[in-house]
Structure formats: C-alpha cells, structure tokens
Amino acid sequence: MDNFGHFDDTSREYVITRPDTPWPWINYMGTEDFFSLISNTAGGYCFYKDAKFRRILRYRYNGVPMDDGGRYYYIKDGSTVWSPGWKPCKTPLDSYECRHGMGYTRITGVKDGLKADVLFFVPIGHPCEVHRVRLTNAGPAPKHIQLYSFAEWCLWNASTDMENFQRNLSTGEVEVEGDVLYHKTEYRERRNHYAFFGVNRPFDGFDTDRETFIGLYNGFDAPQQVLAGTSGNSVAHGWSPVASHRLDVTLKPGEEKEFIFVLGYVENPADKKFVAPGVINKEPALGMMDAFASVAQVEAAFAELKTYWDGLLSRFCVQSSVPELDRTVNIWNQYQCMITFFFSRSASFFESGIGRGMGFRDSNQDLAGIVHLIPERARQRILDIAATQFPDGGCYHQYQPLTKRGNNDIGGGFNDDPLWLIFGTVAYIRETGDFGILQEPVPFDNKPGSEVSLLEHLKISFKHVTDNLGPHGLPLIGRADWNDCMNLNCFSDNPDESFQTTENKTEGSKAESLMIAGLFVAEGRDFAELLERISDKTAADVKAAVADMESAVKAHGWDGEWFLRAYDYFGNKIGSHECKEGKIFIESQGWCTMARIGAEEGLCDKALDSANKYLECEHGLVLNNPAYTKYYIDYGEISSYPEGYKENAGIFCHNNPWVIIGEAMAGRAEDAWRHYQKITPAFTKDQALRKVEPYVFCQMVAGKDAVKPGEGKNSWLTGTAAWTWKAVSEALLGIKPQFDGLLVEPCIPIGTYRIHRRFREAEYELVIHQTGKGGKVFIPYKPGKQELEINL
Ligand code: GLC
Ligand code: GLC
C-alpha cells in the first residue's frame, strides 16, 4: 500500500503526498550546532546545541491536536486562509506535497491557483533556519494576498518554559528593528544569546505578542490578525513573545515571487552584548540576514548542503537487485545514523529534548554508524564520552551536550556501560587506523589534573567487569545492563519513584547478566587484538579473562536450548525454561552468538533456532517470551509495561541486529536476511499500521503479544540505526573493516552485487559474486583506487 507517500531515490527524498499521516512524519535539519525537527506539516522546533537549555522555538508535546506549533506560514487570499503544509489551518488544499531530504524539507501546497513552495533548511556554517518561500500565481487573475510568518519563542530552558509560569509570564522581551524581530528574554541578565526571525524585504506589519496575534481563545489555526488581514504591530512585554511578519503581496497571472526568511541564533561576547543600554548588539544577526539576502545566496547555500550529503553518502554504496536494500543502505540508514549521532536520544517526537542528554552506552554504539562518514567527529565524541568516566571504570549514564558534563538524571551504575567505550573505540580505530587516539590524555569525571591515556580508560573499562563478578563468575548487572528496564536490584513498590534513579541494592546482590557476559567476550576479543597490535603485554590477561568468561557462560549460562538471560538478586534464573514467564530473552542469544560462545558444541545454532522459534513473529523478533503479564517487584520496569510493548516483549529493534549478526556469523544467510527485512522500514507493506515514518527505523514495534502487533513507536533516535548499519554493511554485505584492511565475508542470499567503499585513503570498487562456495577474502589496506571482482 502506498497511502501516504513513496521514496524518490534519485533525489534522496521521501515524498509525502497526504498531510494527515498516521503520525507526524518528521525530518531533521542541521549538521553542526543548530538543529531543527520539522514535521511534514512544518511543526516542530529548533535549538542550539542542547534541546533542553537552548530551545529556540516552543513546542508542546503530545498536544491536542497533535503536532501543533512550528514555523508556520499563513496565506490570506480573499476570505480564504490556508497554510502550504495544511496545518495549522487545515484548509483543504488542491494539492500537497512534502519532500523530506537530506537535511532539508520542502513543503508545497496549492490552493485556488496559488502555489506556495517552502524550502526549509539549516545551512552549513550558520546557526539558523533558512526558509525560502516561493509563491506562484498559476491562475488567470491577479492575486492580492497577505503572507504571514509565525514562530513562537521558547524562553530558552525548555523545562522551566513549561513549568515556571509565575516567572515566565513576566520575563519575555523582544526588539523590533528593520525587517527583523528579535527575541531577547533574559538577555538583560545572564544570557548572552538571543534569537531572531527576519525577512529579506520590508514587512507591512508584524506582531511579537501572541495574544495580539492569535487572540487569547483562538488556536494556531485561526490567528485573529490573519483572519482580519491585519497586524497588531505589537511589542511583547512578558506573556508569550512570538514573531510574525506580514507581507502584502501582489502577483500577476503567472508571476512568481520569492521571500527569504531567516530564523537564527546569536551568541555575543560578554563585552559586546549591548550597543546602548538595553539595546542588543544586532551585528551578527544582520550578518546572517545579509548572507541570505538573495535567492542566489540561498541557492548556493542549499547546493553546499547537498554537496555535504553527497560527499558523505558516496563513501559506501551498494548496487544490488533489491531496491529496498539499496535505498536503505545508500540513503536512509546512513542518514539516520548521522542524525542519531547528533542527537543521541535527546530530541524526537517521542523524546522531549528535556529528559535525556547523550547516553554513555547509546553514544558509543552510535559511533558504529558514522565512523566511516565523519571520523574526526567520532574521535572527538570518544574523548568526550571517556572524560565522563570515573576512576573505577564506572560512568555517568549520560552527559549534557552543552557542558559535556556527566549527570545522574537517568541513573547510574549500569554495568554494561564501560564496555561500550571499548566497542566505540575499536570501531573507530578499525575504520581509521588512528591508533594515536589511544594516547590522548583524558580526565576522569572532567576533573582537570586527573588525565590518563584513553588506553588506560579502556583498560579500566574492561577491569570494571572483572572487578564486579558474581557468584557464577558472570558479570554483576548493577542497576541494569543494556536493558535499562531489567532492574534486578531495585524492588520498587513506590509509584512515585523512577526505576532508573531509585535506590539500587547492589550490596549483597547475586544479580548477574548473560548479556554483559556475551558483550565482554566479544569486545574482550577485539580489545585483545587491539592490544596485540600495539604490543601491549596485557593482551594475554585480557584473553585469559575472556576464556574464563566463556567457561562461566557454558557452565552457568546455558539453559539447554538457549542462553539464560540473568540471575536475579537472590540467584534465581531469569530467561530459563524453568520460569513461568519470560523464559527466553533476545539479548543473551544475540550477544552470546555474536561472541560465538560454545559454537563448536552447537550452542549457537541451538540458541538461534530457539530465538526463531519463540521470539520471531511477523514484524521481527520480540525481546522476551512469554511476555510478563504482571508486575514483578524483583524484575522492575520490564514488567511494568503491558505485554508486547517496549522492553516487555516488544520488538525492540535495536537488538534484532544482534541476532542478525549472530545468524550471519553462524553462516545462516536466509535467517539473517529474513530478520533484516522484517525490521527494515523500506520493506514495510502497511504504512498505516506501522504508523511512524516508513523511511527510518524505530526503537520499538509492538510485538506479537501486543494489542496491535506491527505498530511502530519511538522512531528516529535509536541504537537500531547504528546496529542495523553494522549488521547490513558488515554481517550481510560482508564489508568488515579490520585494523589493517577490509575483510570481505558476505552472508546474504541476493546473488551478485557491487560495493563502492571508501576506506581511509583507499577507494574500492567491488563486484561480489556469491557462487555458493562461501568463505572470505582479505584486502590489505593500500591507498588509492582498486577494482576487484570477488567470487565467494
Ligand atoms: C533505550 C535506551 C538504551 C537502552 C534501551 C533498552 O533505547 O536509550 O540505552 O539500552 O532503551 O532499555
Ligand atoms: C525507560 C525506557 C527505556 C530507556 C530508559 C532510560 O526505562 O523503557 O527504553 O532506556 O527509560 O531513559
């Protein structure tokens, strides 16, 4: 079914053809510090660096109606008022189209012979959104219309903006000068930043006070000034500052006019804040307005953005007989990896931009999706993350992008966290060959003077596991492992506390994790190889610890048909056939098969068979089976979710690639490929059921025990992006970066395909013929172009 849109691969766009999508289908804009979320009806917001502390536009989550608030354009044409993106007016359009592209969105609406084509993008090198509004009169008669812009300012801190009204409603301040409306709340005191919204021609009216523009009891769909064709020329003092320009436009038949709006952010040095008492220094804003004063300038900036993405997306390309695979690999999966890298889990239409900063484990995993695209930024990220670690190897679960300081807002003491630093660093060095990063000095908890080398950080990360082993010689789980919701030491009976931050009774706990055990073995092997490369003598100890862990898993982690999931606080089994519910879990099947634990004895094949038998359903592999049907105080949040959702037997897409990779490592191509297709959105048949964007992975699809299996949620920001990238590029298509070259080892039942792969200073053109004999080929790294035909 193609109800709501389709892919346009040549222009790397997803084309939405109906505005009333089953959920707002969004896109992201921005590549550096200024970022925007934009829905297919132009809803959403932007921020500078940090979605919590530097929110520029106000946005109300989960509102009624859904997705209200954004950067809106209104057109008043006679007695008709409409918006190019349908919302907020919802006036029926004669035609509508939204094209979400790489870092830009273009929305076109047509009504009564007038076409409004609005291109939104965040240019490279400028902290702003540029909106090019192109109006074309396609009708036979002249048009006299009013064009209104609209944006509502957030008072910077997105959290207090929604809470502290006794203060907020008195602090709002603006300035109006020239063609620009400035938002300067709190600039008078400790802030040195303001925002602005300007247009490249003199306006005919403006408003900066929300009540004057909209009317107290009107909605965004019916601003009183627009209905009347007027502007209040209001200057906001407190209440809710907004920005709206009015342009009175006349268009002859066939005539086209373009207007450029710039919505930007400015930071001034402390000594250059004001030009006169209370009057802000507008120079940087005017500079930005000048940079986008003409259509030619906008086109050049837009072309630069296109070049940026073309450059990135030309580094890894596949050409196969499966279009869904090609568009996922060549366009959308890599794009999503970039977005997820920028935002971690902070701001989407499911993450409010307030609750979470950059996760320690999340950001490390995200690296796997972008090391081949932006290695220099990966390098910086690794150093930033490592700097939030504690001297004992433990870490803050997240840090704030603005300050790069760790915090405990969503808990701490997750015992898988440290290992992900090894994961991220190995991925980076394999891609780049930059062993030098290991010698970079990195502090603990950002304390100056505490620096040790990154290599030391990796060693203490590894040691954090061996320092925290439980009664079976398996890793103690701490607050939780990758599954944030398996809270084995928390015993919460108080609905008013968060599972993430409540007391964690690790003292005397016997709770051990098989997921961490598998992760430890897999990453430990990689780590040992890394240490050998740099002739570090501790490689042998690492190998010995890995071997011990393997034995412990075989002795205490095997349930007969699959790997156990964990031992609880009291030492009872979780994820065993002996359990009433939650007999089998995906995480340990994924990690222990990726680590190939007990492969010779047939354990991996058995575990994968069991995963397919009990976890697989039409839409992917569920996290656990059977789902928990009631709350278990011993297990915590996992059993708080209704059956089939989230960590309780949802298809938590992030961990499906673990099984896919496990399958591929076991040489089970058909199984790997089937699992991949099930979670990959380009293969989605029923867009309405899936609900969320058909061009990006989502964190969770409702599982077989849910009321509506197949319904997706939490799209965009998820480890699924990086992990499916790793699964498809390395395990399926078989292009595996090594410390000294590329290993080609495919496992995908699609016959012949071509790969273009940029690797460091080398460029490989590979034609891979899968003839059925299997095996692998190693291509040692050598700068320059190489064309190879490979028969496997
Ligand atoms: C969320 C978190 C991630 C966690 C996962 C499973 O996606 O961002 O850190 O591993 O849920 O609980
Ligand atoms: C909740 C979510 C989980 C997420 C965690 C941290 O527990 O279910 O997916 O990782 O919150 O915010």
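How far from an oxygen atom of ligand 1 does a polar side-chain atom of Q699 lie? In this predicted model, the separation between the polar side-chain atom of Q699 and the oxygen atom of ligand 1 is 3.1 Å. On its own, ligand 1 has 300 Å² of exposed area, and the protein buries 96% of it.

**Ligand 1**

The residues around ligand 1 are R345, R356, R361, D362, W482, N483, D484, E647, F652 and Q699. Sorted by class, this shell holds 6 charged, 2 polar and 2 nonpolar residues. Ligand 1 sits in the second largest pocket.

**Ligand 2**

The space taken by ligand 2 is likewise the second largest pocket. Its surroundings consist of R356, D484, C485, Q500, E637, Y641, K646, E647, F652 and Q699. By class, the residues around ligand 2 comprise 5 charged, 3 nonpolar and 2 polar.

Side chains that approach oxygen atoms of ligand 2 include those of Q500, E637 and Y641. A polar side-chain atom of Q500 is 2.9 Å from an oxygen atom of ligand 2, and an N or O atom in the side chain of E637 is also 2.9 Å from an oxygen atom of this ligand. For Y641, the distance from a polar side-chain atom to an oxygen atom of ligand 2 is 2.7 Å. Ligand 2 by itself has 310 Å² of accessible area, of which the protein covers 84%.

| Side chain | Ligand | Distance to a ligand oxygen atom |
|---|---|---|
| Q699 | ligand 1 | 3.1 Å |
| Q500 | ligand 2 | 2.9 Å |
| E637 | ligand 2 | 2.9 Å |
| Y641 | ligand 2 | 2.7 Å |

**F274**

A separate item concerns F274, which lies in strand β20, a strand covering residues 274-276. The relative accessible area of F274 is 36%, so this residue counts as partly exposed. Along the sequence F274 and F259 are 15 residues apart, while in space their C-alpha atoms are 30 Å apart.

Terms used:
Residues are numbered from 1 along each chain as its sequence is written. Chains are lettered from A and ligands numbered from 1 in the order in which they are written. This is a predicted model: local features need pLDDT of at least 70, side-chain atom pairs count only at pLDDT 80 or more; totals for chains, interfaces and linings use all residues. Side-chain values use heavy atoms; hydrogens and water are left out. A residue is near a molecule or strand if one of its heavy atoms lies within 4 Å of it. A polar contact is a pair of N or O atoms within 3.5 Å; within protein, one must be able to donate a hydrogen and the other to accept it, and residues adjacent in sequence count only if both atoms are side-chain atoms. Accessible areas come from the Shrake-Rupley method with a 1.4 Å probe; for residues, only the protein chains shown count as cover. On a 1 Å grid over the protein atoms alone, a cavity is a set of points where a 1.4 Å probe fits but cannot get out, and a pocket is an open set with protein on both sides within 12 Å along at least five of seven lines; lining residues have an atom within 4 Å of a point. A molecule sits in a cavity or pocket if more than half of its atoms lie within 2 Å of its grid points. Ala, Val, Leu, Ile, Met, Phe, Trp, Tyr, Cys and Pro count as nonpolar, Asp, Glu, Lys and Arg as charged, and the others, Gly among them, as polar. Helices (H or I, at least four residues) and strands (E, at least two) are DSSP runs, numbered from the N terminus. Buried means under 20% relative accessible area, exposed over 50%, partly exposed in between (1.4 Å probe, protein chains only).
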